[in-house]
Structures are given as structure tokens and as C-alpha cells.
Amino acid sequence: MQQGRGGIRRVVVLGSTGSVGRQALEVVRNHRDRYEVVALATGRNAQLLAAQRDEFGVAPDCARVCADDADALAELAAHPDADVVLNAVVGFAGLPATIAALAHGKRLALANKESLIAGGPVVAEARARGEGEIVPVDSEHSALYQALRAGASHEVRRLILTASGGPFRGYTRKELAFVAVADALKHPTWDMGAKITIDSSTLMNKGLEVIEAHELFGVGFDRIDVVVHPQSVVHGMVEFTDGATVAQLSMPDMRLPIGLALGAPDRLDEPFGAIDWTTLSELTFELPDVEAFPCLRLAYDAGRAGGGAPAVLSGANEVAVAAFLAGQIPWTAIAGVVAEALAGGTGNVSEVADVLDADRVARERAAAAVQRMGEAA
């Protein structure tokens, strides 16, 4: 990967005012000898963006508010001086930036899982064409990325993603019928945005991560498992053909995977999430309850179907989550909205236009399902 003057890596941060973006800038702030920020983008928080621009000396035309401007995000992702593009944009809107970064040969530090999930084949083509690389920022995929260093690809038996279980771990389907928005937003481990926190509560987040792992590492869905691990210390595991399992463990701290994504293969010289082994009392694991949390099963089904199914899954889920947050549907209806959108057919995906069409259709179907459920309530 090319680097700027003096070996300093030049970084674009898309979604700079969100949780991941702010933590990425903290990493840069503490390692100015390694990183330089050349562009910033936010959805709406112009005031914080201006403060970030001034602190990091970013040119005014390279610090933009891009609430509804995917083209502007893509332009910044293709910044000619950039070595690394951190895509921390929320939702499907991150797809054009993902494609632009890879098509221009950048390292993509990917925190926007929806773009890879919805546009998997298109993203793969852009990566091959531009010779860009993806280093995942999600803690689970970063864990797999690290554990996979321990062996060759043909030696991998399966990947194991861990899930905290969210705020409703252990709830029955009947109990889940009465949960409120405030309950779903109380994640036991991570401090995240509203959409991803709701996804964690439904286990859709883990289902999306299964599809993402398939796209990132080329492992079939029958060899990607999910286990519930409420302590959130083991972030991912790789089991090899000889029976050995290599895991990545740390206390929850997103700055660790962010720092690795910016600097890989090198690690930071500042520890984040270091474990005090004298106080860590137990690590427990259990199977996810797909009857109570059907979104996980829907994601596996969509991933195996391929084509436009993951895009429909992702788009419909965004609409369903927004409807739940707005009080239009109950928590238990999120999976029903997504299932209804998938049941209408999903088509194939070979170019960006196909992804956009699948997303549009998914949102229309999901919105219609939300309206019917609201009228029936």
C-alpha cells in the first residue's frame, strides 16, 4: 500500500462525527507520526465536522456534510492523496464510497457492513479491478482477520462469530412481544448508534455479519457459525482442520480494530482492551435461539440464496428498524417485515444499478408491510 511523505498514511474518514469516526480520529490524534487526515465527511453534524476539520488541518472542500449526497462520499473515497479510507457511514448509503475506494486501489477500513452485504458481487468486482483491499473494522471480523493469520486458507475448517445476545438474551418469543424502544436501545456491552443497537437486539446484526464474513473471507455459509458469548471478550474464532482453534480476545474497545485496520499488518503501540486475567472470572457460550430471534435465520437464508437477496434483506431491515424506532411497529414485527420483503423475490445482482433496484424494491415492500401492520394494530 502506498504511503504519504515520511511513511505517514493519509486517511479519509467517512462518518467522522459518529461513534466509529470519532474513535478513529482519537487513534489518529494519538499517533500523528503515523497518520494524517486528508478528508472528512458527516451526515448532518456540521458543527462537530468544522471542529474536526480545524483540529486536523483538513482543507475546507475536503470536509463535507453529505446527508443525501452519495456522489460526494464517493468523491472523497477516491481522494487522490488517500492511502486509507475508513467507511463508517451508516446503512446502504455507504455503497458508492466502498466501490470508489476499492476501484481506486485504496485500503478500505470497512465499518459499513451494509454496502458489502447488499452489493457483494459488485464490491468484489471493484476490488479485483482496482486492486484495493478491505480490512474490517467490526470487532468480530477484525478478530477473524487476526486469527486467520495463524494458518493457510485451505486449513480453515470453520469461522465462529460471537454475539453478546443483546439486551434480550434469554427472552422468550412471548416476552419479546412487550419490549419497548428504550429497552432495545440498552445494549449490555457496546455503546453504538440506534440502528446497529436495534440490529443487535434482533440478532440481525449477527446475521449481516455472517454474510459479511462470507464475502470477506470466501468461506461458505455452512462453515460459518454463531455462538452467544455474553461477556464479549472473545470476538471471533477460527477452527482449523487439525482441530486447533485460534481466537482473538480483548475487552470491548473499538479503538483496537480501528487501529489495526488503519495500520495493518502493523499493530499500534498503545494497548486498547487489554485483559486483566486476574479478574476475568468466566467465559460462557451458548447457541442462539433462532425461534425467538428469527432475523438470524433470515440472514442465513438470504446469504445462501445470493443474488439480490442480501440487498433486499438489508434494505427491508433498515425500513423495519426505522419503523420500530418511530413506534409504528412492535419489535417482533421487524422480522416479519423483512420476511415479507424477501418473499416477493430478489433477482440477481451484477452491477450497481441492480443493487440500487433491489434496495428500492425492498424498501417499497417493507414500507407497504409497515403500513398494513399499522392499520391492523
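**Note on helix packing, the core and some loop residues**

1. W331 touches F168, R173, L176, V179, A184, S201, T202, A292, F293 and F324, when residues up to four places away in sequence are not counted, and contact here means heavy atoms within 4.5 Å. This is a predicted model, in which local features need pLDDT of at least 70 and side-chain atom pairs count only at pLDDT 80 or more, while totals for chains, interfaces and linings use all residues. Residues are numbered from 1 along each chain as its sequence is written, and side-chain values use heavy atoms, with hydrogens and water left out.

2. W331 also belongs to the largest nonpolar core, which has 118 residues, and of these L14, V137, L159, L313, I329 and W331 touch the most other members. The largest share of this core, 10 residues, comes from helix 14. A nonpolar core is a set of buried Ala, Val, Leu, Ile, Met, Phe, Trp, Tyr and Cys residues joined through side-chain atoms within 4.5 Å, where buried means under 20% relative accessible area, exposed means over 50%, and partly exposed is in between (1.4 Å probe, protein chains only). In soluble globular proteins, nonpolar side chains tend to be buried together.

3. Helices (H or I, at least four residues) and strands (E, at least two) are DSSP runs numbered from the N terminus, and axes are lines fitted to C-alpha atoms, for helices over the stretch in contact, with angles from 0 to 180 degrees between N-to-C directions.

4. The crossing of helix 11 and helix 14 is left-handed, a term used if the near helix is turned anticlockwise from the far one by less than a right angle, with right-handed used if clockwise. In this pair, M204, L208 and I211 of helix 11 meet P310, L313 and N317 of helix 14. By class, their contact has 5 nonpolar, 1 polar and no charged residues, where Ala, Val, Leu, Ile, Met, Phe, Trp, Tyr, Cys and Pro count as nonpolar, Asp, Glu, Lys and Arg as charged, and the others, Gly among them, as polar.

5. A second pair is formed by helix 7 (residues 139-147) and helix 12 (residues 255-263), whose axes come within 9 Å and cross at roughly 55 degrees. That angle makes helix 7 oblique to helix 12, and the crossing is left-handed. The contact is made by S139, S142, Y145 and Q146 of helix 7 together with L256, P257 and L260 of helix 12, and its residues divide into 4 nonpolar, 3 polar and no charged.

6. The loop between helix 12 and helix 13 (295-305) holds P265, and the peptide bond from A264 to P265 is cis, with omega near 10 degrees. E270 is found in the loop between helix 12 and helix 13 as well, and at 27% relative accessibility E270 counts as partly exposed. Although E270 and V27 are 243 residues apart in sequence, their C-alpha atoms are 9.3 Å apart in space; leaving aside neighbours within four places in sequence, E270 is in contact with N30 and H31.

7. E131, in the loop between helix 6 (120-130) and strand 6 (133-136), has a positive phi of about 60 degrees although it is not a glycine, and E131 is exposed, with a relative accessible area of 69%. L203, in the loop between helix 10 and helix 11, has a positive phi of about 70 degrees and is likewise not a glycine, but at 6% relative accessibility L203 counts as buried.

Notes. Parallel < 35°, antiparallel > 145°, perpendicular 65-115°, else oblique.
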